[in-house]
Amino acid sequence: MISLASYLVISMILFVVGLMVMIARKNIVAILLGIELVLNAAALNFVAYSKFVTNNLDGHIFALFIIVVAAAEAAVGLAIVIRFFQLKETIHIDEATQLRN
Amino acid sequence: MIDILKLSVQLYAPELVCVVLMCLLLVAEAMHHEEGTDRTKVYLLATLGLVVTAGLLIMNLGAAPSAAFYNAVVIDSFGTLMKLIMVLGTLGALWLAHSSKDIYSNLKSEFAVMAVGTLIGGMLLASANNMLTLYLGIEILSILSYVMTSLKREDSTSTEAGMKYALYGGLTAGVMLFGMSHIYGMLGSIQFAEIVPKVAELQGADQIFLMASFLLFFAGLGYKISAFPFHMWSPDVYQGAPIPVTAFFAIVPKMAGMAVLIRVSHLFFAGDGALSVSWVGLLHVVAALTMTVGNVTAIGQDSVKRLLAFSSIGHVGMMIMGVVVLNEVGTRAIIYYGMAYLFMTLVAFWITSVLNDTYGTDSQAVFRGLIYRHPVMAIMMSIVLFSLAGMPPFSGFVAKFNILSVVIEKKYYGLAFIAALNSVVGLYYYMKLIKEMVFSKAETTEPVAGFTDSTRVLIVALTIPVVMMGIFWDGLMGLSGGAKLFLQ
Amino acid sequence: MEYSIGNIAPIFLCPFFAFVINAFFGKKLPRQGDWLAVLAIFISFIFSLRIFLDFAGSTFATDYYIHKVFNWFDLSAGGQTFKVDMGIYIDNMGAIMLLMVTGVATLIHLFSTWYMHDDPRYGRFFVYVSLFTSAMLGLVLSDNLLSVFIFWELMGFCSYSLIGFYYEKEKAGDASLKAFMTTRVGDVFFLLGIVAIWQLVGSVNFVDIYAAIAEGKFVGQQVLGISLATFAGFCVFMGTIGKSAQFPLQVWLPDAMMGPTPCSALIHAATMVAAGVYLSLRTYPLMVAGELTQFIALIGAITAFGAATIALVQTDLKAVLAFSTISQLGYMVMGVGVGSYNAAFMHLITHAVFKACLFLSAGSIIHSVHEQEMPKLGGLRKKLPYTFIAMMCCTLAIAGVPFFAGFVSKDRILGDALFWGVFAGQSKIWAIVPILGFAGAFLTAFYMFRMMFLTFFGKPRDHHIYDHCHEEHISFNSNVPLLILTVFTLGFWYCGTLTGQSFGKVFGSKTEWFKILVEAPRVERFVGRTREPFSAVDTRVKAELPKAVYEHQTGYVGPAAGDEHGIHKAHLIGAIASIFIAFGGIFLAFLMYIKGSVKPLADTFSGWTTALKNRYYFDDFYVGVVIQKGMIPFNRFLAWFDMGVYDRFAIDGWAKVNRVAFRASRWFDDVVVDAIGVDGTGVAVNLFNLVLRIVQSGKIQFYFVVLILTLASYIWTINL
Amino acid sequence: MNGLLSMILWAPILGMLAVLVIPKGNDNATRWTALVSTAITFALTLVLYANFDQSIPGVQLTETLPWISQFHIFYKLGIDGISLPMTLLNGLLFFLCIMSSWTVEKNLKGYFALLLMLQSTVFGVFFSLDFFLFYVYWEVMLIPMFFLIGVWGGENREYAAVKFFLYTFFGSIVMLVGIIALYYATGKGVDSFDIIAMHGGKFTDMTVHIFGTDFSFERLFFWTMFLGFAIKVPVFPFHTWLPHAHVQAPTAVSVILAGVLLKMGTYGFLRFSFPIFPAASVEYSTIIGVLGLISVIYGALCAMAQDDIKKLIAYSSVSHMGFVMMGMAAMNTQGMNGAVLQMFNHGTSTAMMFLLIGVLYERSHHRWIVRPDGTKGFGGLYTQMPKYSIIFIIGMFASMGLPGLSGFISEALIFLGIYPKFTTMTVLALIGLLLGAAYLLWAFKRMFFGEVNDEVKEYDDMNLREVAYMVPLCICVVVFGIFPSPILNIMKASVGQLVDLLSKY
């Protein structure tokens with residue numbers, strides 16, 4: 001039986017995996033993907049709560065917005081990454097250490 | 001239904017003007033897309049729009065607090081004042097961008113577009129009344145900020161800064177959403193008005209879980225105002241971004257973040273339950289650490305831009321003290337602080353920008369002996385720096401005084417002493433810059449080309465409020481005294 | 001005769017105005033204003049003489065005194081009262097003192113117009129001397145310790161300026177510094193004494209202090225664990241020790257001879273140094289109440305003897321006189337200590353006269369031959385006959401030859417000391433005081449005649465000097481003052497008897513004026529006295545009782561009958577011993593320096609002589625050890641500590657703390673994140689393998705880690 | 001006369017504007033404008049003296065204008081017996097300082113403008129009866145000082161200026177916390193920053209709750225005030241900024257710093273700490289006294305080791321201000337009056353010393369008594385500069401408290417005050433008096449006696465202008481040494497009132 005708990009566990013796993021990806025991967029695109037995972041974890045939560053707990057549409061709508069905004073964010077993020085690649089010819093995160101004290 | 005919408009539109013007119021302005025600017029930009037054209041007309045248009053916005057905001061100021069768009073946003077005088085500060089900040093940053101060489105001339109109108117766009121996000125944030133509008137506000141603010149940061153396309157630092165900003169912003173947005181989702185799940189709504197009564201009903205483990213969710217939520221807000229420990233992106237971004245953008249970031253997103261932090265804190269934690277106590281305790285720690293980290297780190301900075309970035313973190317710490325007390329005078333103090341900070345920051349960045357344009361660097365060395373080359377500019381910069389340090393009779397002092405007084409009224413003496421010591425640290429690094437300007441001899445006495453007559457007049461004009469607000473602040477306090485929060 | 005402010009104040013004000021006028025306009029006046037100074041002090045002298053005649057001429061009862069006060073400032077306000085009064089107090093002792101000071105000062109002023117004539121700073125000399133004189137007269141007129149202190153210090157300032165008068169000489173600077181600082185040590189104690197008395201009595205008026213002692217206010221009062229009377233008395237007496245160059249603060253007076261000779265005569269012989277003794281006489285009841293008399297007698301005896309020994313080996317004319325001054329002051333202090341009040345004061349006066357004359361004579365010699373080293377002089381008798389007469393008389397006086405003033409006064413002190421030390425029933429250990437006194441008297445006669453013989457007798461040892469010396473002619477301002485003073489070195493002016501005691505009377509009892517007039521203040525007389533306002537004309541005169549009636553009424557009976565006998569015996573022994581001792585000393589000097597049959601001291605006791613020549617190493621100890629080895633290194637250390645350690649680390653350190661905090665954050669970035677984190681090196685690699693792998697990334701990812709860790713810790717904290 | 005205080009307060013600002021308006025290059029016009037401005041100000045302070053009623057213990061000639069209604073802040077000025085002597089001193093010293101600054105060449109306009117601004121702020125500190133207004137002036141005063149030291153100072157001026165500024169700022173910001181706490185504590189009927197309304201021990205019974213414990217409100221906030229004022233005085237252990245600031249500052253600024261600014265610290269104690277927190281003041285008077293005592297001795301000992309004459313005088317200021325602290329700690333009428341009188345007298349005598357050092361420095365361009373290589377810096381000044389020497393002697397002896405000159409009466413009163421309360425400390429403080437004479441006379445001996453150095457041979461004696469600005473101070477030093485009543489009469493009513501208050505606790 002798929003219960004609320006299952007959703008929550010999955011979203012938790014998604015969240016943690018997203019964080020791990022962001023922290024551990026060196027590829028900037030991968031990091032962007034990690035962000036998506038985190039966002040999706042949240043979206044999943046919203047939908048799950050909406051269905052099992054609150055019984056209103058708020059969660060669904062929120063999830064929709066998250067998807068839209070995530071897309072926008074990803075677009076901007078990728079644009080910047082491309083620019084970064086053009087300037088540095090790499091998308092390795094360790095190259096982004098020009099700014100420091 | 002139509003009536004509600006009509007009323008909402010009326011109340012929401014300033015934002016709508018901005019939206020229209022943004023569209024108009026896009027069109028105008030399309031008409032001026034050739035290389036090397038003068039973008040002054042675009043800027044004049046933007047100015048006109050922003051002035052209208054400001055006018056409308058002032059008209060709204062008197063109106064009774066009310067919700068609009070089915071409680072999605074709320075229009076109250078507090079939010080309106082915050083918005084007013086943001087609009088003025090945008091206006092200043094806009095003209096700074098116009099004169100700055102840090103923004104490529106063919107991207108100048110893009111800056112205007114994005115600044116107005118960011119402003120819209122900020123304004124939305126300042127009047128957000130449910131989690132969705134809050135989220136949208138933050139995202140509009142953020143996404144446009146990423147772009148603005150990397151506006152200096154040919155410069156790898158700018159791009160790197162934008163990228164870092166984007167990644168960090170994305171992560172905190174995700175974390176915040178995750179927190180929000182749990183809040184939604186536990187309390188059953190995204191409307192603040194509906195959530196608030198339920199918060200008090202929670203007991204035991206639920207309360208703890210809710211608090212944890214709020215903490216995740218706080219990550220998003222803290223990142224926007226660059227509170228410790230979510231401040232780490234900001235020096236990098238400030239340094240990498242073009243100066244006008246930095247000036248803009250120092251004001252608009254910060255004030256928007258403060259606005260929403262105040263609103264959330266007041267709505268959810270006004271009582272004296274366990275949740276409130278933890279939240280206030282959290283803010284205590286955050287305020288103290290933010291100030292300390294900001295000020296201490298600023299000491300070693302050679303880049304003036306970076307110095308101002310860290311100092312702005314310090315100032316945010318001071319402002320958070322106004323939130324800690326969770327009362328109206330605190331809000332009022334923050335509004336005053338914002339007002340004062342607005343002018344100080346603009347002047348400081350403006351002078352830095354001119355010097356940066358001339359010498360290609362913003363290290364403290366370019367300020368050396370400024371008094372022998374541009375005495376008036378050096379005096380203005382000194383005034384502003386003294387003001388930032390909190391010396392009377394400048395507005396920075398009054399701001400500090402107000403914040404300290406609200407904290408002391410609540411008898412948070414420890415926090416007050418930490419703030420006091422921080423302002424000593426602050427004075428130290430501001431003074432180093434003044435020392436460089438006034439005490440050292442310049443290698444050359446020829447004037448800096450960037451200080452055209454109009455620039456100088458503008459800088460002096462912007463400094464006048466810094467002084468005047470420090471002496472005649474009675475009226476201003478009266479104005480912000482009307483900053484009633486719209487609370488259900 | 002009635003007294004009002006108009007005929008007292010000029011005594012003090014005349015020299016003061018002379019000082020003011022000369023200070024500002026002296027250079028523009030003819031003869032640089034010397035006449036003004038002389039005239040001023042002469043007017044003072046006239047006024048003093050009048051007062052003296054009134055007091056001494058039995059116009060008043062013997063215990064009559066003038067006491068007038070005015071308010072200096074008043075701090076009373078609200079519920080608080082505090083006022084400081086100043087005033088004039090003249091009794092018999094004061095009247096005599098005034099006459100002596102003005103008289104001696106007039107003659108010295110006169111002499112100075114001759115002696116200083118060629119000096120480039122002729123005018124300035126008179127400025128200082130006028131100021132000094134007015135301060136000294138102010139001190140004598142003072143009715144309270146505070147104003148005594150004020151004038152006391154002003155005199156110190158004048159002394160400082162006059163010692164450093166020849167400021168081109170580095171040594172003059174050293175000497176003036178030494179003089180001022182040494183006396184300042186005493187002065188500081190004096191001030192403390194004043195403060196202590198003020199706290200108890202509510203003022204430092206002599207009359208009030210006496211009354212307080214009589215009322216027993218001092219009884220049982222403690223300060224810092226000792227009796228208040230002892231404490232205050234000791235502090236005040238420390239002032240005397242400093243000013244009157246008593247052991248152990250005697251070091252400054254010999255050096256003070258760097259100044260012009262007339263100033264040595266006036267300040268460092270006749271008046272200022274005697275003011276210390278005058279003070280201890282004024283506060284005598286306090287000394288008695290504080291049981292300090294033995295201490296005082298001992299100090300006096302040590303000084304009298306010690307200084308006399310040092311004087312034995314001095315070759316400088318003025319140095320001999322300087323040490324003899326210290327020695328004679330020692331006698332006076334000893335006199336105070338042994339209760340010989342009258343004699344001590346008498347010695348003060350006689351000493352002032354003959355020592356002033358001695359210094360002036362020395363000045364006359366120095367001015368004539370431009371040399372003050374005695375081994376280079378000799379045979380000056382013929383060239384300077386008047387000076388010789390004057391100096392001879394004075395030397396006889398100081399040596400204690402009968403019929404001269406010194407004998408009258410010193411012998412009485414010695415007699416009293418003998419009684420006090422031997423017959424009064426004290427512990428026998430105090431016999432040391434008269435023994436030192438008599439030994440000193442012997443030495444005095446010896447070294448004074450040594451000086452006379454070396455200077456005036458024999459053959460000239462340096463013919464160049466001798467030939468250069470001009471024949472002396474009588475002149476109103478070079479040797480007449482000497483001769484006038486010489487007249488007063490005769491004993492009969494002071495006393496009708498040979499020894500000052502009641503035996504061996506030469507004249508009738510009428511001439512024993514000195515003994516009748518001066519007596520230790522009997523404190524019970526002062527209880528309940530009211531003060532007079534400054535402006536009031538004195539009308540109290542006739543209401544006073546003659547001394548005899550007063551004593552009858554109050555039931556005062558002199559010394560006890562048994563004592564009378566002892567005193568008599570002691571004085572007889574003392575007088576005879578004194579005469580023998582004086583002649584013995586003179587004879588020894590004669591043998592050594594005229595006949596040459598006895599070898600001078602230096603050859604026999606060379607170790608002892610070295611110590612004497614070095615003044616018992618006191619100067620070396622104070623300057624060389626206490627100051628050079630003690631104070632200065634300590635000060636340097638403290639100054640270094642203040643700036644080099646305290647300021648640098650404790651104060652500037654805070655800026656460093658900030659900087660370190662900043663560096664720490666950078667270090668965290670550089671080392672922890674980059675070095676340990678990124679490069680995977682470091683000690684903790686294995687232990688925190690997992691963590692490190694996570695952290696193993698660029699900076700932005702480190703930011704993420706911080707963010708998440710913080711959130712986690714927040715949440716963890718809340719769950720607690 | 002109504003508005004007199006405001007006139008005095010703003011007259012220097014008008015002068016400053018006038019100086020700023022004069023076009024560059026007209027050096028003489030600038031100087032004369034500044035001089036005339038300070039002369040007018042000084043004349044006004046004398047008018048103030050004439051209008052002052054000495055019998056009133058409280059404040060008088062008050063002026064009140066509303067300023068910030070939210071916080072009940074007023075522009076409230078007034079004067080009493082404690083602030084009037086300081087006002088007179090301030091008027092006089094600035095006038096003389098402008099005369100002494102005639103030879104300043106560098107950036108003349110800025111220099112005089114800042115000096116005049118400084119004067120106005122100092123007046124503000126002494127006139128303010130509103131705590132907020134007071135604080136504003138207290139802080140603003142740092143800005144002209146910072147620039148005056150930093151721009152016109154000696155070699156190490158930047159360090160000195162920064163140190164001075166930071167240190168004092170640290171003290172005052174802590175004080176600000178105390179001020180605001182007081183404002184909120186006055187809730188019982190006062191609810192304003194009015195200083196006079198806070199007087200009288202209104203906070204004795206209050207407590208504050210910090211870190212889980214209850215503290216007495218008075219005891220806690222006494223120390224915040226203490227820190228602010230003690231740094232200003234400066235009392236050991238907060239004294240180290242002073243030698244730096246003095247040595248590096250130009251002559252006129254040293255004069256002002258020693259003559260007036262240090263007095264602001266002790267003035268603060270008398271105006272704020274004592275009347276507002278009487279119970280705590282009485283309780284901690286021993287600590288104040290001991291710190292004063294340490295300052296006296298420590299300052300004197302450090303002074304003795306100095307080879308730089310200006311640094312020596314700077315340390316002597318530490319020592320002399322220690323006497324003031326001790327006198328205040330005595331809390332009886334003689335001690336307090338002595339302290340206030342000492343504030344005035346130290347102002348005149350130290351100003352003399354610094355002006356004299358300035359005169360010398362203009363000729364020698366160094367201030368070494370003994371150079372670091374061990375040679376004499378000066379020698380035979382007495383012979384070479386007789387007028388200078390005479391004035392130096394007057395200043396020096398006044399400074400060491402020779403009777404007949406002004407320093408003595410105040411020191412004697414202080415001793416009379418502290419003896420009943422702290423007997424042992426009196427004894428120790430007298431060592432300070434002794435040392436005070438020692439370091440000055442020793443320095444004097446090394447500089448003035450002996451053969452004339454070759455270098456010294458080229459010095460001229462003081463010229464007419466230099467004599468002109470020394471004479472008023474000489475007169476002050478001598479006249480108030482003999483007749484202290486004019487000054488004492490001004491202050492005694494106010495001081496008496498304060499002592500009455502303190503004696504109740």
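Helices are DSSP runs of H or I with at least four residues, strands are runs of E with at least two, and both are numbered from the N terminus. The expected span of a helix is 1.5 Å times one less than its number of residues.

This is a predicted model: local features need pLDDT of at least 70, side-chain atom pairs count only at pLDDT 80 or more, and totals for chains, interfaces and linings use all residues. Residues are numbered from 1 along each chain as its sequence is written, and chains are lettered from A and ligands numbered from 1 in the order in which they are written.

**Stop 1: helix 3 of chain B**

Select residues 40-61 of chain B. This helix has 22 residues and reaches 31 Å from first C-alpha to last, close to the 32 Å expected. Now colour its buried residues (20 or more other C-beta atoms within 10 Å of their own; exposed means 12 or fewer, partly exposed in between; C-beta atoms are placed from the backbone). Among them are B:V42, B:Y43, B:A46, B:G49 and B:L50.

Look down the axis. The buried residues of helix 3 of chain B fall within an arc of 145 degrees, so they line one face. The arc is that of the directions from the helix axis to the C-beta atoms. Turned away from the buried side are the exposed residues B:T40, B:L44, B:L48, B:V51 and B:M59.

What covers the buried residues? The cover includes helix 1 (2-11), helix 2 (13-31), strand 2 (73-75), helix 4 (77-99) and helix 5 (108-126) of chain B.

**Stop 2: chain B against chain D**

Show chains B and D. Residues are in contact if their C-beta atoms, placed from the backbone, lie within 7 Å. The contact takes 26 residues from chain B and 28 from chain D. On the chain B side, helix 18 (413-438) is one of the elements that give two or more residues. Helix 18 of chain B gives the most, with 12 residues. The chain B side divides into 18 nonpolar, four polar and four charged residues. Ala, Val, Leu, Ile, Met, Phe, Trp, Tyr, Cys and Pro count as nonpolar, Asp, Glu, Lys and Arg as charged, and the others, Gly among them, as polar.

Note on methods:
Two residues are in contact if their C-beta atoms, placed from the backbone, lie within 7 Å.
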